[in-house]
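Visitor: I have a structure open and I'd like to learn how to read it. Could you walk me through a few features?

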Amino acid sequence: MPDGLLAEAVQRAAAATATHCPYCALQCGMMLSQDRAGAWTVSARDFPTNKGGLCRKGWTAAALLDHPDRLATPLLRDTKDGPLRPAGWDEALDRVADGLLRIRAEHGPSALGVFGGGGLTNEKAYLLGKFARLALGTGNIDYNGRFCMASAAAAGLRAFGIDRGLPFPLADIPGADAILIAGSNPAETMPPIMQYFEAQRARGGRLIVSDPRRTATAKLADLHLALTPGTDAALANGLLHVAVRDRLIDPDFIEARTTGWESVRRVVASYWPDRAERVTGVPAQDIERAAHLLGEAATAMILSGRGPEQQSQGTANATAFINLALALGKAGRPHCGWGCLTGQGNGQGGREHGQKNDQLPGYRKLDNPDHRAAVAAVWDVDPDILPRPGMPAIEMLRSLGQPGGVRGLLVAASNLVVSVPDAAGLPDRLRGLDLLVVLDQFLTETSSLADVVLPVPQWAEESGTMTNLEGRVVRRLAARPPPPEVWTDTRILSALAARLGCAAAFPAEPDAVFTEFRRATAGGVADYAGMSPERLAEADGLFWPCPDDAHPGTPRLFQTRFGHPDGRARFTAVERLSSAEEPDADYPLYLTTGRILTHYQSGAQTRRVAELQEAEPDAFVEIHPDTARGLGLRAGAMARIATRRGSVVLAVRPTPGIRRDTLFVPFHWGGASSANLLTIDVVDPISRMPELKVCAARIELA
Ligand code: SF4
């Protein structure tokens, strides 16, 4: 770290630093301070997203800063079967560069792959995309947001012409007279956001939740639609059928601001309530009541989560709910709209700036000649040297070690072994690579398999910007310097690019990357050009697009026009299709997976926080008490949950709020408790997002 930045960080360490939580997309504001004994503590601060609240994960985030498991030097393996040993940076980077160059010389650039993460700052995500395309020359870069946000992004882009998770700020939620939360459990995943829903309820608003489980969020709702896993499109089409039948739709809005309505009207005509009930399991009268609550409200929102999205028909599911919002005239108006509740800390920014296989910075498209030329000009390269879109995540991971597939992989901020569906074979595929390089803070289930592990700072040790679920860009500040032998990801990429002989400039410091990054987004859909660090520091963040220094940012999109050239939103008719795997005689139950209050994503961080790990030390299986009784499974008994991919043995947790035909397993653990030993890796045909939310399973006493 240069002397100036180090001095700045050290100076901040003496005082409390205003920053943001390292975990989810709410990006709660927090203060980070060090007491006289040297211990780091978190306190909440009043920021628009959290209004002084934090969840348990945020309160305990500082416990990781001086954790004994932290990696303090690069590690490398002398032989494939040998142990990881400490190494200096020159040796480690030389080893990585030599390996990458050898693979490229022998097998071509497409034998190299990069896998990023939705937790990376915008600066890192941007530089990772540039590194893949210019320094490696490969189009094979994707990230774990493919498992998280891709279906909502694809549906939003198709319907509105712009994908921004929430096209309005959270502050608009209390003003909505009715809200449908489809397949999300924010009361556990991002508890401070519930202040907005509580305010909405307090002023008389109605809340509807669709979820196979009666979650903490569903318990707060006026109406819980406990749908069968995989039937979201049928539910949305059934709601829209009732809205058409009972004249709840808004013909003036449809006429003035949309295209394609007739095809949707024809399709939903066959989703009468009795049929929707047969498919979804939701009583017809509840479907009718929900349609009337949404349709009769003056203002309404539909907020989508991973439930409908993490399916092989995820884009269709999200589209069906968008159709409903549009037909009701509940989009592009104050306190109205469809949006998705993004999960990962930078799930939004992470999909805008180039670490997705088909994207360039500014939400530009790699297959658009004008977009290629715009970014190539900033990078000072010929547009023709930019590779074409490579393989999306699941396809890239399936290709590992296969003829014509990826043989050398660089992973940043992603614990693939835990988070990938149908994960049983992945460790062997990773071990079998010619070269696996992982940038990480800890030895995780994934980095422990690497040939080279490069240690990177934690969120409090470097500056960087994150784009939260509202499209609000916030700036995290360094509260202290990283440990001496820990390099920031941008410095690592810069050093590697130089060793690879890349002629393009690769700034090493995050602030310098941010300056270049803003230029690269200028003129794009997600335009950050006007967001100087000074402006971000003064304001409560800025919403994109923000094209120049005088622009106030854009908290609300679509108020007068949608993002397509004609300014109109697009209806797309969708039918409900079966999930890739439905229950049968051998596997008679549905299995669904998700998050719980105490842990975050693959658990690489939260499983190391003693307070969180003590609260929930291992995975479990939720099952309806009647189903458990019928199978002789008592609370706390160990049960084997099996699918066609594998089996795990977990403690039984009878839960009255779950459907009788459904099991739920949280996905925060690896090893023998990994939920993703069970899940299926079929993908949505448009978003290429895997079906993490639905497969067929059986359960028996272990
Ligand atoms: Fe952190 Fe999300 Fe919890 Fe806020 S809600 S404290 S951002 S994990």
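Guide: Exposed means over 50% relative accessible area, buried under 20%, and partly exposed in between (1.4 Å probe, protein chains only). Helices (H or I, at least four residues) and strands (E, at least two) are DSSP runs, numbered from the N terminus. Bear in mind that this is a predicted model, where local features need pLDDT of at least 70 and side-chain atom pairs count only at pLDDT 80 or more, while totals for chains, interfaces and linings use all residues. Residues are numbered from 1 along each chain as its sequence is written, and side-chain values use heavy atoms, with hydrogens and water left out.

Visitor: Which residues of H16 are buried?

Guide: Here's the general idea: an α-helix has 3.6 residues a turn, so residues three or four places apart point the same way. In helix H16 (residues 369-379), the buried ones are Arg372, Val375, Ala376, Val378 and Trp379. Looking down the axis of H16, they fall within an arc of 155°, taken from the directions from the helix axis to the C-beta atoms. So the buried residues line one face of the helix.

Visitor: What do the buried residues of H16 pack against?

Guide: Look for contacts, meaning heavy atoms within 4.5 Å. The partners are helix H4 (122-136), strand S14 (359-360), strand S15 (364-365) and helix H21 (510-521).

Visitor: Which residues does a cis peptide bond join?

Guide: Tryptophan 544 and proline 545, with omega at about -5°. You'll find proline 545 in the loop between strand S21 (542-543) and strand S22 (569-570).

Visitor: How many salt bridges does a search of the whole structure find?

Guide: A salt bridge is a side-chain nitrogen of Lys or Arg within 4 Å of a carboxyl oxygen of Asp or Glu. The search turns up 42 of them. In one, the side chains of aspartate 489 and lysine 124 meet at 3.0 Å, N to O. Aspartate 489 is in helix H20 (residues 489-499) and lysine 124 in helix H4, so this pair ties together parts 365 residues apart in sequence. Both aspartate 489 and lysine 124 are buried. There is also a network of salt bridges linking Asp66, Arg70, Glu461 and Arg480.

Visitor: Is phenylalanine 47 buried or exposed?

Guide: Buried, with a relative accessible area of 3%. Phenylalanine 47 is in the loop between strand S3 (40-44) and helix H2 (56-59). Not counting residues up to four places away in sequence, its contacts include His20, Arg472 and Asp540.

Visitor: Last one: what does the protein chain average in pLDDT?

Guide: pLDDT is the predictor's confidence in each residue, from 0 to 100. The chain averages 95, and 98% of the residues score at least 70. Over residues 1-7, however, pLDDT stays under 50.
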